Amino acid sequence: MATIDRSRLAALTASESERYAAARPRSRALFERAARSLVGGVPMQWMSEWPGPFPPFMAEAEGARLTDIDGHRYIDFCLGDTGAMFGHSPPAVARVAAAQTAKGLTAMLPSENAVIVAELLAQRFALPFWQMALSATDANRFVLRLAREITGRPKILVFNGCYHGTVDETIVSLENGKPRSRRGNVGPAFDPTADTRVIEFNDLAALEAALADRKVACVLTEPALTNLTGVVLPDDGYHAALRAIARKTGTLLIIDETHTISTGPGGYSRAHGLEPDILVLGKPIAGGIPAAVFGMTDTIGGQVRERLYGPGAAVAGIGGTLTANALALAAMRATLTEVATEAAYDHMIRLGTRLAEGIRAVVRRHDLPWYVTQLGARVEYRFQPSPPRTGTEARAGADSAVDRFFHLWCLNRGVMVTPMHNMLLACPATSEADIDRHNEVFGEAVAALLGR
Ligand code: PMP
């Protein structure tokens with residue numbers, strides 16, 4: 001098996017970082033100027049996580065292409081970390097958004113588009129009732145509240161390595177088998193281990209034990225973990241067992257499809273026959289315009305109606321002024337009808353497969369102990385020989401120094417990979433040539449790293 005020489009890695013990273021900086025004088029100047037008005041030189045902390053000494057500042061983006069202010073044109077496999085999973089500014093979304101912009105953006109009133117969007121979502125996800133939110137974080141916060149309200153139970157359960165947005169109750173992890181407020185949990189409002197149970201994904205015995213006392217309102221999970229630890233796929237039969245245990249203990253099952261919507265038009269849930277009580281979807285649902293939705297079964301819909309809309313109901317903690325605004329709804333309608341189509345998914349998944357196979361070929365050629373996972377249009381490579389079954393196992397396959405080297409190498413050659421992990425997305429505008437270019441650049445990076 002090939003191994004990585006750390007001093008070679010450090011030297012290559014340093015030279016790639018210099019090359020990156022030298023080729024981007026405008027981004028550098030803007031970053032320096034920004035330091036005087038934006039804390040940290042960026043408007044949001046994640047934007048400081050790009051691998052160079054400063055991020056590339058965006059000029060414009062369209063389809064699978066992004067151009068920075070120094071004129072570098074990238075094949076974008078980050079796609080706004082899924083927000084632009086259907087490509088930057090899909091033409092149908094751009095068209096209706098421009099039209100809606102001239103006809104009223106936000107009025108705190110429902111519109112016909114709201115009804116059409118809910119009908120389209122009901123068909124696509126086989127859940128009859130829907131509500132909207134401004135972001136996936138927002139949607140997750142609302143559904144956790146609703147689950148506790150409906151069940152009258154105080155606790156929730158999530159899996160180690162989960163990410164559901166900046167939702168206080170979910171910022172937990174397991175360390176040496178013990179629940180902990182996650183490292184970096186900034187100014188927590190409360191100790192999240194008080195009412196959140198956290199166990200490993202794929203551990204059915206732990207799940208049985210954690211739900212047995214019937215104090216847990218809901219399990220909130222992605223169908224496969226895709227975030228903090230890298231992809232953790234469910235064991236065969238895991239979801240069926242999770243569904244059964246949740247049902248047996250009266251625990252609601254909330255599936256967050258925000259990333260796994262890459263799997264197919266109805267997400268992982270439709271592709272694999274999951275039966276969530278509540279389904280959450282944010283990020284790309286309005287083609288890049290901020291919006292999120294949550295769907296529910298007939299039973300949950302009835303209970304939510306009673307709690308939020310029943311006679312004398314007083315509601316606090318759910319909703320937001322700009323939620324379900326006219327712009328977001330027009331964009332969601334266009335995304336559902338013209339952008340996130342079966343045909344678009346066929347293309348994206350075919351290219352996802354080409355991407356995964358190309359990366360696997362490089363890994364094999366160089367005899368590396370790495371594995372590659374594919375969730376439809378989403379592909380990820382990790383530095384461990386076999387797929388992890390838990391968040392803890394997945395963390396063992398992370399190597400942020402190698403990530404950084406790959407990301408810099410790719411940026412310097414016109415290929416943009418999601419910072420913080422090695423996740424790539426194919427969008428409807430991505431071409432076979434784009435995929436082959438990534439795989440070529442990746443192959444060259446590996447060869448350089450191994451000194452071959
Ligand atoms: N759920 C999942 C599964 C996510 O991956 C994310 C973001 N990475 C979120 C929720 C939160 O999305 P947002 O930051 O858009 O609120």
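Let me begin with the shell around the ligand, where helix α5, residues 136-151, gives the most, with three residues; helices here are DSSP runs of H or I with at least four residues, strands are runs of E with at least two, and both are numbered from the N terminus. Please keep in mind that this is a predicted model, in which local features need pLDDT of at least 70 and side-chain atom pairs count only at pLDDT 80 or more, while totals for chains, interfaces and linings use all residues. Residues are numbered from 1 along each chain as its sequence is written.

There are 14 residues around the ligand, and those that come nearest are Ser-135, Ala-136, Thr-137, Gly-165 and Thr-258, where near means that the C-beta atom, placed from the backbone, lies within 6 Å of the molecule or strand. By class, the shell holds two nonpolar, nine polar and three charged residues; Ala, Val, Leu, Ile, Met, Phe, Trp, Tyr, Cys and Pro count as nonpolar, Asp, Glu, Lys and Arg as charged, and the others, Gly among them, as polar.

Now to the helices. Helix α3, residues 91-101, packs with helix α10, residues 326-339, at an angle of about 155°, and their axes are 9 Å apart; an axis is a line fitted to C-alpha atoms, for helices over the stretch in contact, and angles run from 0 to 180 degrees between N-to-C directions. That angle makes α3 roughly antiparallel to α10, because angles over 145 degrees count as roughly antiparallel, those under 35 as roughly parallel, 65 to 115 as roughly perpendicular, and the rest as oblique. The contact of α3 with α10 has ten nonpolar, three polar and one charged residues.

What is the handedness of the crossing of α4 and α10? It is left-handed, and the axes of α4, residues 112-125, and α10 come within 9 Å and cross at roughly 35°. On the α4 side the contact is made by Asn-113, Ala-114, Ile-116, Val-117 and Leu-120, and on the α10 side by Leu-329, Ala-330, Met-332, Arg-333, Leu-336 and Thr-337; contact requires C-beta atoms, placed from the backbone, within 7 Å.

Let me turn to the sheets. Strands of a sheet pair through backbone hydrogen bonds, either parallel or antiparallel.

Another open sheet has four strands in the order β1-β2-β3-β15, with mixed pairing. Within it, β2, residues 65-68, and β3, residues 73-76, pair in the antiparallel sense over three bridges, with Leu-66 opposite Tyr-74 in β3. Their hairpin has four residues between the strands, and there Gly-71 takes a positive phi near 85°. By contrast, β3 and β15 pair in the parallel sense over two bridges, and Asp-76 stands opposite Met-416 in β15.

Note on methods:
A crossing is left-handed if the near helix is turned anticlockwise from the far one by less than a right angle, and right-handed if clockwise. Two residues are in contact if their C-beta atoms, placed from the backbone, lie within 7 Å. Two strands pair if DSSP finds at least two bridges between them.
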